[in-house]
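I opened the model to look up a few points and kept notes as I went. The entries follow in the order I made them.

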Amino acid sequence: MRILRFTLVLLFTIAFIYLANTSGPFNSQLPAIGSFFSPFHGFWKNAEKVNGLKDESFALEGLSAPAKVVFDERMVPHIFAENNEDAFFLQGYLHARDRFFQMDISTRSTAGRISEVLGAGAINYDKRQRRKGLGWAAENALSAFDKSEEEKRAIEAYSKGVNAYIESLSPEEYPLEYKILGIQPEAWSSLKCAQSFKTFANTLCFGHDDLQATNTRAFLGDSLFSELYPEHNPKQSPIIPVGTTFDFERIVIDEELPQEDLIGMVPYRSMPMPPPYIGSNNWAVSGSKTAAGNAILCNDPHLDLSLPSIWYEIQIHTPQMNSYGVSAPGTPGILIGFNENIAWGQTNVGWDVLDWYSIKWADDERTSYLLDGKTKKVTYRIEEIYVKGKKDPVLDTVKYTEWGPVSYEDKKSGYDGMAMRWIAHDKPDDKPFYEMGTFIRLMRAKDYDEYRDALTGFDAPAQNFVFASNQGDIGITVNGKFPVRKDQQGRFIQDGSTTANAWKQFIPKSQVPAVKNPERGFVSSANQRSTDDTYPYYYYGRSFDDYRGRYVNRKLEAMQGITIQDMMAMQNDNYSILPEDALPALLRLIDKADLSEEEEEVKKLLKDWDFVFDPDAKAPAVFLSWRREMYNVTFDEIINKGQEVDMDYVENWRFIELMQESPSHKIFDIEKTEQVETADSLALKTFRKASKEYFERSADSRDWAEVKGTFIPHIGNIPGMASKRLKNGGYNDAINSVKKSNGPSWRMIVEMSKPIKAYGVFPGGPSGNPGSPYYDNTVDQWAEGKYYELQIPNSPESLKGTLFTWSLE
């Protein structure tokens with residue numbers, strides 16, 4: 001496979017030699033071909049041998065005491081160090097050895113420095129990242145990390161380890177991508193660690209729809225908007241069990257929101273946001289529901305899939321801790337994992353923590369703005385964007401207000417600027433530790449109290465932290481820094497000329513939704529709404545899951561005598577409640593229609609379907625095609641308006657509810673036609689189109705796996721470095737939420753026995769080098785729903801299946 005991959009890269013590059021001055025990603029220039037093909041320092045030097053790996057002993061400057069790294073049969077490193085700083089130093093060294101290009105390109109992307117690598121075509125991208133305030137956010141985070149001695153030492157040790165590896169490289173040893181792009185690695189720093197962490201904030205809590213909702217409300221009017229866009233799905237099964245008592249005195253803000261008029265259409269286009277299907281599952285079941293009487297914890301975060309993977313598997317053992325799990329290249333510690341006493345996992349919360357404010361300028365030059373009747377001067381942050389091949393940087397001046405950066409400003413449009421208030425920008429309050437400290441404490445936590453204490457340092461991106469221990473406790477906490485909102489605050493663009501619209505206070509950590517050892521015997525989250533309506537604080541989110549959470553809770557409620565194998569099967573469950581809700585409604589609408597023989601065949605296929613998105617199932621593609629066409633023709637006016645300005649789209653659950661309960665609703669009528677359409681007529685029209693598409697496909701291309709076309713791309717989309725197409729099942733709204741190139745990025749199951757029994761898999765391998773046999777060595781296992789046993793030995797000698805060992809001093 002290594003030879004094949006390198007041959008593909010070779011053929012691709014030869015084919016493009018004559019285009020050496022044409023454009024690549026972001027209109028970038030292709031690199032120097034001669035250097036790339038050099039037999040002395042070109043890509044040939046990146047091939048790795050499969051056999052002949054040997055134990056090594058060497059000195060590594062930066063370590064304070066002898067240490068060992070043992071590599072198991074999958075090349076997963078197990079670090080054994082005499083203190084935490086040495087362990088994090090070695091983690092940085094290993095991350096750099098295996099994933100440095102990934103670390104580098106990720107932080108450059110977050111900081112808005114892609115133009116340095118890809119050239120002038122990336123300038124607008126970099127400007128947008130700077131106008132998000134991500135660099136400012138990372139600086140604020142680092143200023144907090146530096147106040148926590150333990151976090152500061154961990155980050156500095158990690159950065160020294162990264163640089164120790166970088167400094168050991170000669171040009172012929174640079175990662176392959178550097179040779180393709182014709183650039184050199186640069187030194188790592190504590191700031192880059194903070195930027196790496198803010199990458200998660202950009203992915204997980206940048207979602208918002210203030211602008212879209214404002215436009216849609218203006219387009220439809222208050223009445224129809226309220227009817228089509230209710231905040232709560234009544235069928236949702238929340239994270240915190242219904243009936244949980246919230247026994248505290250909530251913070252009350254007496255001041256009312258100013259009465260706002262519709263502000264009309266906003267001409268700005270939203271900054272790109274994470275896809276709506278970014279999500280995850282986690283759950284923990286108590287010993288009362290398991291066969292062995294031990295708690296079991298499961299987690300599978302759903303993120304964009306890439307080679308190399310977003311995750312790096314690792315064990316870290318010191319006298320202070322012994323922990324195993326997945327880390328994120330660019331930051332120290334383990335983010336999802338377990339130790340000898342507890343296990344923890346995460347899913348995204350999805351509360352809206354980003355608001356937009358319309359700025360009222362006080363002068364024509366827009367150097368000052370109005371706030372509570374007074375004139376305030378903007379501050380300026382001069383962003384220098386260096387561009388590959390250019391001597392002088394491109395300068396972009398970003399204005400900052402008390403709300404945050406003015407991310408949208410266009411004098412030609414005649415519309416006021418818009419400033420962003422985002423929780424990820426905040427300079428954290430003084431406290432004993434912060435986000436990095438949360439994971440260090442989880443790595444050594446012994447019980448529920450220490451788990452809860454560890455979460456007090458974590459603000460953003462808000463996560464549902466699930467917990468289980470070998471003492472039998474389970475729990476889940478909706479954890480983050482959340483503003484105390486007034487009703488409806490943050491749903492629409494707000495007037496930025498009054499602090500009455502500001503966030504006044506934050507929900508105390510003792511009052512965020514949480515539950516320990518619920519009577520039902522399990523806790524779970526799948527990005528659904530956090531609570532029922534009895535939770536006393538208002539919160540809002542447009543991305544709450546409507547289907548996976550219901551199915552997870554339904555499954556766990558019914559299960560008893562649970563085993564590890566049951567949990568493996570559940571993580572790979574391809575059933576979805578979406579067609580369970582939608583398909584009967586659609587079929588009912590065409591029940592009496594006169595259909596052709598082929599259409600009757602398709603109708604029978606759908607009626608007989610069990611709502612499982614297995615690889616060889618034929619019905620999923622037809623159902624999704626029909627549902628999509630029906631949706632598009634129902635909401636055609638909103639979709640068409642979306643070609644002009646950003647609009648919100650009606651959620652699937654509400655669309656299904658309308659078909660079920662209001663098939664004659666005016667929303668089903670197409671305004672541009674003379675006749676009056678109903679759900680029945682639209683359903684028949686769109687069913688016929690979906691049936692025709694089904695028969696136009698060849699018989700061997702109707703299987704769901706073929707239609708879905710899952711594959712795992714290279715992180716830089718370099719041809720020849722992606723996976724093959726994978727013939728697996730799964731769907732966005734199934735527990736096994738596999739899409740084209742997004743899905744369960746790490747599956748982990750931990751039984752809290754003594755000793756711990758743990759299993760896991762992610763689609764990739766430890767190495768980021770396409771020439772390594774450990775670049776994609778676990779992809780097939782992941783695609784087949786299989787797992788590896790995860791070992792957490794107490795000594796290097798206890799590890800089974802050792803490949804080789806580094807003895808370091």
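Which residues of helix α13 are buried? I first noted that this is a predicted model. In α13, residues 448-455, I found Y448, Y451, A454 and L455 buried. Looking down the axis of α13, I saw these buried residues fall within an arc of 120 degrees, so they line one face of the helix. The general rule is that an α-helix has 3.6 residues a turn, so residues three or four places apart point the same way.

Next I looked up what the buried residues of α13 pack against. The list is α12 (435-444), β17 (463-469), β18 (474-479) and β20 (514-516). At the start of α13 I checked D447, where a side-chain oxygen comes within 3.3 Å of the backbone nitrogen of D449.

**Entry: S525**

I placed S525 in strand β21, residues 522-525. Is S525 buried or exposed? S525 has 1% relative accessibility, so I put it down as buried. I then looked up polar contacts of its side chain. One goes to the side chain of N282, at 2.6 Å. Another, of 2.7 Å, goes to the side chain of T347. Leaving out residues up to four places away in sequence, I listed I239, S280, N281, N282, T347, N464 and I476 as touching S525.

**Entry: strand β2**

I counted 5 of the 6 residues of β2 (residues 67-72) as buried, so this strand is largely enclosed by the rest of the structure. What does β2 pair with? I found β26 (residues 802-808), running antiparallel to β2 and joined to it by 6 bridges. In that pairing K68 stands opposite S807. I also found β3 (residues 77-80), antiparallel to β2 over 4 bridges, with V69 opposite I79. The hairpin of β2 and β3 has 4 residues between the strands, and in it M75 takes a positive phi near 70 degrees.

**Entry: an open sheet**

I traced an open sheet of 4 strands in the order β15-β16-β10-β19, with mixed pairing. Its edge strands are β15 (406-408) and β19 (494-495), each pairing on one side only. I noted that β15 pairs with β16 (residues 418-422) in the antiparallel sense over 2 bridges. The partner of V406 in β16 is A419.

**Entry: nonpolar cores**

Which residues touch the most other members of the largest nonpolar core? In this core of 150 residues, they are F338 and W422. Helix α3 (residues 84-111) gives the largest share of the core, 11 residues. I also found another core lying apart from it, of 88 residues, among them V285, F492, M570 and W609.

**Entry: cysteines**

How many disulfides does the structure hold? I found 0. C205 has 7% relative accessibility, so I noted it as buried. I noted C298 as buried too, because its relative accessibility is 0%.

Methods: Residues numbered from 1 in each chain as written. Predicted model: local features only at pLDDT ≥ 70, side-chain atom pairs only at ≥ 80, totals over all residues. Heavy atoms only, no water. Pairing = 2+ DSSP bridges. Disulfide = S-S within 2.5 Å. Buried < 20%, exposed > 50% of the residue type's maximum accessible area, 1.4 Å probe, protein only. Core = buried A, V, L, I, M, F, W, Y, C linked by side-chain atoms within 4.5 Å. Polar contact = N/O pair within 3.5 Å; in protein donor to acceptor, adjacent residues only side chain to side chain. Contact = heavy atoms within 4.5 Å. Arc of directions from axis to C-beta.
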